[in-house]
Structure formats: structure tokens, C-alpha cells
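Dear colleague,

Please find below the structure that I am handing over to you. My notes on it follow directly after.

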Amino acid sequence: MARLLLLFLAGLVAVGEVHGIFMDRLASKKLCADDECVYTISLARAQEDYNAPDCRFINVKKGQQIYVYSKLVKEHEAGEFWAGSVYGDHQEDEMGTVGYFPSNLVEEQHVYQEATKEVPTTDIDFFCE
């Protein structure tokens, strides 16, 4: 599902129908379960609230479940961020929205597939509408 969203956004950006901005990259590489970052890596539970500082990130409430799709490879002094979408009773308007959150915010509950494939990030990974 995340791949379809990214392909859809990439297609719209190419024809100029979406207005948005390409934000700074948080990392140059990410870890995924497969070469195309299509499969869900894990299901995690938020251990505390997190308020997104900008459009690359998602808001998360304590106890909320998050599907994890990729894990950015930490560079230099940057924080370690994962990409995912929230799932649960809180903030239903944001359910299904894919964004980044700090990895130390969550505890993985179930690992579906190990994130062993290192893949370069692209501009679309950090695109904001």
C-alpha cells in the first residue's frame, strides 16, 4: 500500500498536478523488508505521545499501534527515524497517513519480516503536500 501511494505521488508530481514541497532528506539510506520497500516490517506500539514537527512526520499518541514500513539508516548525529502509519482509536483522521517518527518512541510488538535490505532514499520519501 505504501508503494502504491509513493508511485501515485511520483506520477502526480511528474505531471505537476500536486502542489507540495520536497523537504530535506533525513537520511540517504533506509532498511526495508524487500528491495522495493513494499512489505510491512513490523507492528509497533507507541510508548508516549509525539507531535510531528513538520509534514514529513506523523502525530502519534501513547498506546497507538503503528505499521512500520522502513527504517532510516542513522547518519552522523541525526536521530533514528522509522516510517510508518498509525492504526488505532486515536486520531482517526491520520490513520493510513505514512510519515516518520523517532524509533525510540515505540516498542515493536510483532516482526513480520526482518529489515535487511538497504535501499537508497529518494526525494519522494520526503515529499510534503
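The paragraphs below describe the fold and then the aromatic rings.

This is a predicted model, in which local features need pLDDT of at least 70 and side-chain atom pairs count only at pLDDT 80 or more, while totals for chains, interfaces and linings use all residues. Residues are numbered from 1 along each chain as its sequence is written, and side-chain values use heavy atoms, with hydrogens and water left out.

The protein chain contains one helix and nine strands; these are DSSP runs numbered from the N terminus (helices: H or I, at least four residues; strands: E, at least two). From the N terminus on, the order is α-β-β-β-β-β-β-β-β-β. Of the 129 residues, 40% are buried (under 20% relative accessible area, with a 1.4 Å probe and protein chains only).

Five aromatic pairs are present. Rings of Phe, Tyr and Trp (its six-membered ring) pair if their centres lie within 6.5 Å; planes under 30 degrees apart count as stacked, over 60 as edge-to-face and the rest as tilted. One of the pairs, F57 with F81, is edge-to-face, at 5.4 Å centre to centre and 65 degrees between the planes. F57 lies in the loop between β3 (42-46) and β4 (65-72), and F81 lies in strand β5 (residues 81-87), 24 residues apart. F57 is buried at 9% relative accessible area, and F81 is buried at 16%.

W82 and F101 have ring centres 6.4 Å apart and planes at 80 degrees, so this pair is edge-to-face. W82 belongs to strand β5 and F101 to strand β6 (residues 98-102); both are buried.

Yours sincerely

Conventions: Buried < 20%, exposed > 50% of the residue type's maximum accessible area, 1.4 Å probe, protein only.
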